[in-house]
Amino acid sequence: MLETAKDVTLPLRVMVNKEKTKVLFAEADSNSISVLLSFLTLPLGRIVKILEKHYADNPPVFGSLTSLYKWLENLDDAYFTVTAARPMLLNPPSSSDSLFRKYKLDIGNYLRSTEYLICPGRNCCDRKSICLKYGNGYHARCECGKPMIMTLVVNDDSKEAGAFTMDTASFVVSDDLELVPNSADFFQNLSNLVNDDSKETGAFTMNTASFIVSDDLQMVPNSAGFFQNLSNLGIEVGEGAELRNLNLGTNEIMDLLKCSLLSKTPLTDFILNKGEIISSAEKPEPESFFNHIAEEETSSSKKIILKVVVQKSTKKLLFAQAGDDFIELLFTFLIIPIGEVESLLDSNTCLKNLDNLHRSISDVGIDKYFITLDTKKRLMKPNIPHFFKPKNTILPLTEESVPTLYYCYEEVIPFFPQLLVSHNHSAFHYSSFAFKSPKGDVNYVKEPTTYMVTDDLTVTPLCISNIFAYLNRLSIPLSDVHEVEVPIGFHEGLSILKASLTSNSVLTDGLIDRITRKQPKQEH
């Protein structure tokens with residue numbers, strides 16, 4: 001699974017009980033804990049993708065997001081506004097991609113160099129246009145009127161030190177704030193800087209930091225008061241416990257990701273059971289999806305009107321008749337980093353292990369172990385990739401800032417904007433690119449189109465034959481169904497998002513409260 005012949009592995013110590021049936025805790029250094037924390041920066045659709053890729057023969061199911069993702073893969077191109085829309089949704093970037101490249105971890109095929117599309121006109125205007133390349137086509141044009149068709153590859157392996165505090169498109173500052181001079185040997189100097197082992201740190205935490213992680217991914221710094229920390233985590237180390245030294249590569253990290261999502265005891269299943277999930281995480285009660293979500297909307301908040309078909313006898317939601325606005329909402333789920341989901345739901349997503357991890361880093365006492373407070377904030381609430389936010393989403397999402405790329409003659413050199421101010425570049429002619437959205441100023445799917453969305457988020461274009469075929473397959477007579485109109489706002493949107501992480505009856509579980517309120521009274 002690693003792209004290079006030289007495997008990059010990360011150390012991990014674990015304490016196993018005498019019976020060798022349970023991992024009591026793990027001790028992780030700065031690099032290993034950074035990989036664990038990077039899970040919070042992965043968009044939900046990216047998680048589905050890398051699980052399917054890695055476990056090709058038997059991929060795990062991630063709630064109903066797996067069925068949503070598979071439908072997206074098979075949806076005809078005619079339903080998308082631009083050709084770049086589907087590739088963007090199927091493979092959204094993570095703010096930790098530089099970390100994966102640093103450790104040569106094949107997490108979603110992000111070992112490749114970044115590709116951009118630019119205007120082919122050499123001197124078309126003072127500021128050339130540029131956008132990230134997704135798929136094989138793009139319909140936007142440069143300010144000069146020419147189509148953006150020229151591919152530009154920025155080989156950024158050497159410049160990415162993996163420090164999370166750096167701008168995603170700029171890696172010219174070492175972890176100890178040593179600046180790389182702008183010279184003819186720029187990339188060689190930068191490569192030397194990054195490869196200096198004495199300056200190596202984790203992506204998120206100070207290089208001297210280490211952490212204790214419980215079996216359910218609660219995390220505390222490994223500091224004075226070690227035994228008190230174990231007691232606080234509910235860890236009891238009995239006689240005969242055994243300390244083991246492990247090395248983590250891509251295979252092990254993928255097992256850890258899978259177990260973090262699906263297992264009740266992820267470290268035990270990941271280490272002792274070779275990634276096989278013995279103790280599955282419990283499915284929450286349906287009512288818990290709608291509870292504990294703060295009411296933050298007002299009467300003027302945007303609403304999506306959803307017509308749902310409910311079975312009278314079971315009060316189960318069978319399917320919804322949805323417009324393009326609701327499909328945009330479902331697509332939005334795939335581009336949201338899981339740490340942002342944790343933030344929106346106040347560390348109560350029903351993914352208990354990741355809830356614990358997110359809650360652990362919120363502790364003020366852990367602040368000094370992060371490179372900066374901004375590092376911690378961007379783990380607690382990672383933004384969605386720039387240009388990915390739908391135009392009229394009902395969820396309060398924030399995009400990453402657009403990176404700044406400067407070009408000098410035929411080279412593309414990324415810099416911090418503030419470094420350009422502090423250095424004299426008068427010997428060269430630099431100018432910045434004007435970034436454009438890969439999908440333009442449009443949504444992902446065309447309108448107006450009506451879709452049929454089943455309870456597990458399987459989506460098909462709505463037609464009468466599909467409706468009757470679906471009801472016949474379930475042996476449900478027309479006399480046992482009725483339609484309910486449900487307004488979907490911020491509260492309902494979060495409830496559906498929460499249910500999609502663990503449930504295969506998302507609409508029923510996520511909207512059960514609203515559906516019950518609108519049930520017609522039974523005639524006696």
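Trainee: What does Cys463 count as at 30% relative accessibility?

Mentor: This is a predicted model, in which local features need pLDDT of at least 70 and side-chain atom pairs count only at pLDDT 80 or more, while totals for chains, interfaces and linings use all residues. Residues are numbered from 1 along each chain as its sequence is written, and side-chain values use heavy atoms, with hydrogens and water left out. Buried means under 20% relative accessible area, exposed over 50%, and partly exposed in between (1.4 Å probe, protein chains only). At 30%, Cys463 is therefore partly exposed.

Trainee: What is the relative accessible area of Cys259?

Mentor: Cys259 is classed as buried. Its relative accessible area is 0%.

Trainee: How many disulfides does a search of the whole structure find?

Mentor: A disulfide is a covalent bond between the sulfur atoms of two cysteines. The search criterion is a pair of cysteine sulfur atoms within 2.5 Å. Across the whole structure, the number of disulfides found is zero.

Trainee: Which backbone oxygen lies 2.6 Å from a polar atom of the Arg359 side chain?

Mentor: Arg359 sits in helix H13, residues 352-361, and is partly exposed at 42%. Helices (H or I, at least four residues) and strands (E, at least two) are DSSP runs, numbered from the N terminus. The oxygen 2.6 Å from the Arg359 side chain belongs to Ser347.

Trainee: How are H3 and H11 oriented to each other?

Mentor: Helix H3 (residues 65-74) and helix H11 (residues 324-335) have axes 11 Å apart and an angle of about 110°. Axes are lines fitted to C-alpha atoms, for helices over the stretch in contact, and angles run from 0 to 180 degrees between N-to-C directions. Under 35 degrees counts as roughly parallel, over 145 as roughly antiparallel, 65 to 115 as roughly perpendicular and the rest as oblique. H3 and H11 are therefore roughly perpendicular.

Trainee: Which residues of H17 make the contact with H11?

Mentor: H11 and helix H17 (residues 490-500) pack at about 50°, with axes 11 Å apart, so they are oblique to each other. Contact means heavy atoms within 4.5 Å. Phe326, Leu329 and Phe333 of H11 meet these residues of H17: Gly493, Ile496, Leu497 and Ser500.

Trainee: What distance separates the C-alpha atoms of Asn504 and Phe62?

Mentor: Asn504 lies in the loop between H17 and helix H18 (506-517), and is exposed at 55% relative accessible area. Asn504 and Phe62 are 442 residues apart along the chain. Their C-alpha atoms are separated by 9.4 Å.

Notes. Polar contact = N/O pair within 3.5 Å; in protein donor to acceptor, adjacent residues only side chain to side chain.
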